[in-house]
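Please keep the structure in view while reading.

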Amino acid sequence: LGYAGVVRFRGVRIGGISGIFKSHDYRKGHFECPPYNQQTIRSAYHVRNIEVFKLKQLKRPIDIFMSHDWPRSIYHYGNKKQLLKMKSFFRQEVESNTLGSPAASELLQHLKPTYWFSAHLHVKFAAFMQHQTNSKEELPKATKFLALDKCLPHRDFLQIIDIEHDPNAGDSLEYDAEWIAVLKATNSLINVTQSSWNMPENNGLHAKWDYSVTEEAIKEVLEELNHNLKIPCNFTLTAACYDPSKPQKQVEPVHTINPQTTEFCAQFGLTDINSRIQQAKEEGAVRGKYEDEEEEEEMDSTGSAEEPSEYNTDNSGLSSINPDEIMLDEEGGDEDLSTCSVDPSPDHPPDFSASFSDIRIMPDSMAVSSDDAMDSTNEELEKSGVSKQVEEKSLNERPLKRIGGNENGNSGIKKIKRRNQAIYAAEDEDKTE
């Protein structure tokens with residue numbers, strides 16, 4: 001799916017967007033490439049406005065949508081009390097409605113997919129969101145949201161869901177004709193610089209702001225592919241496989257042009273972002289070095305070299321300090337259980353929450369487990385003081401995900417650490433949870 005994308009499998013239309021949201025990186029272009037520095041290693045995995053813009057050009061229904069970060073406000077549509085009992089450090093952001101990605105929330109309200117799956121916060125959480133209709137003739141739509149815990153022993157990291165599909169469709173991934181047409185229409189908007197810029201909108205400043213595609217444009221894509229939408233199996237190795245018998249010291253990654261991406265872009269006449277980044281890097285190496293130094297000086301003197309974002313927060317991608325989360329070293333309610341109310345806020349207007357549905361009406365495949373829906377066991381533990389002690393012990397013993405610099409305020413070299421072995425070794429700790 002790349003930075004963002006849509007594919008089909010057995011007639012099921014699947015979309016997705018990668019990365020987390022951080023407001024001051026949201027309006028930049030895709031400019032990062034290895035070897036990373038202290039700035040780019042942190043911004044490379046953040047969502048960009050161009051990907052959100054392209055997905056918002058889609059008109060046809062989406063069956064499944066996936067994102068790493070949760071859509072902001074989705075926690076109002078599920079068992080919020082149980083969520084905060086499991087992750088009490090989310091409370092401040094949940095109550096201020098700043099947890100999650102506002103960009104993903106935009107897409108949720110625009111695309112209205114049947115299912116939305118997310119990760120990031122490392123906790124199982126299900127929600128049911130009933131969308132409002134724009135007219136009396138429009139049929140109401142609903143989204144079933146599901147996030148799962150991280151893949152560790154004794155965690156809710158797996159759930160099987162049955163999806164309606166076309167039994168006569170082939171068993172290969174297929175291109176989505178509308179998405180290919182949107183990529184063609186928005187190709188001129190590609191930017192590989194770190195300058196902030198806004199997408200076209202109907203504000204009198206842009207001659208064109210609607211990049212949605214016509215049926216004729218979709219038909220042209222189909223004819224270009226001879227109505228054969230099958231995605232080729234053209235995977236090519238671009239790095240050596242890991243060999244545990246030949247351990248290697250950590251080496252700095254190099255920028256690699258992906259042959260699959262090159263072939264895809266050539267087929268549809270699209271800009272290969274990786275190739276464009278490499279070209280810009282080669283052409284402006286000296287100038288880029290000077291600009292980096294200048295920006296670092298500006299950041300040192302002002303605290304930030306970023307332009308203000310259209311969003312009023314910078315913490316949604318990072319969320320509250322989550323001791324369960326594995327991150328890069330320097331990454332920087334008493335409602336009734338059966339019915340959850342929605343708190344009005346700037347990002348969650350009252351009229352948007354009027355049609356909130358009880359989570360219990362969700363189909364069996366999306367329903368929360370008995371551990372999620374019932375508090376009886378937890379209440380017994382709380383009465384005995386065990387639950388509180390375990391939670392406090394867990395929070396105190398685990399390292400926080402944000403690690404600051406040294407005494408002089410300088411950060412050390414960023415390294416990605418392998419922590420899985422240590423996590424699995426701590427099985428006793430997981431059992432207590």
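## The sheet

Two strands are counted as paired if DSSP finds at least two bridges between them. In this predicted model, seven strands form an open sheet with mixed pairing, and their order across the sheet is 5-6-4-3-2-1-7. Its edges are strand 5 (125-130) and strand 7 (173-175), each of which pairs on one side only. From one strand to the next, the twist averages 25 degrees.

## Two antiparallel pairs

Strand 1 (residues 4-9) and strand 2 (residues 12-17) run antiparallel and are joined by six bridges; within this pair, alanine 4 stands opposite isoleucine 17 of strand 2.

At the edge formed by strand 5, the pairing with strand 6 is also in the antiparallel sense, over six bridges, and here alanine 126 stands opposite leucine 146 of strand 6. Strand 5 is mostly covered, with five of its six residues buried.

## A helix on the sheet

Helix 5 (residues 102-111) packs on the sheet, where it touches strand 2, strand 3 (64-67), strand 4 (115-118), strand 5 and strand 6 (142-147). The direction of helix 5 makes about 165 degrees with that of strand 4.

## A nonpolar surface patch

Which residues make the nonpolar surface patch of about 330 Å²? The patch is made by Phe157, Leu158 and Ile160. Leucine 158 lies in the loop between strand 6 and strand 7, and this residue counts as exposed because its relative accessible area is 63%, where exposed means over 50%.

Key
Residues are numbered from 1 along each chain as its sequence is written. This is a predicted model: local features need pLDDT of at least 70, side-chain atom pairs count only at pLDDT 80 or more; totals for chains, interfaces and linings use all residues. Side-chain values use heavy atoms; hydrogens and water are left out. Helices (H or I, at least four residues) and strands (E, at least two) are DSSP runs, numbered from the N terminus. Axes are lines fitted to C-alpha atoms, for helices over the stretch in contact, and angles run from 0 to 180 degrees between N-to-C directions. Contact means heavy atoms within 4.5 Å. Patches are made of residues with over 30% relative accessible area and no salt bridge: like charges are joined within 9 Å, nonpolar side chains (Val, Leu, Ile, Met, Phe, Trp, Tyr) within 5 Å. Accessible areas come from the Shrake-Rupley method with a 1.4 Å probe; for residues, only the protein chains shown count as cover. A salt bridge is a side-chain nitrogen of Lys or Arg within 4 Å of a carboxyl oxygen of Asp or Glu. Buried means under 20% relative accessible area, exposed over 50%, partly exposed in between (1.4 Å probe, protein chains only).
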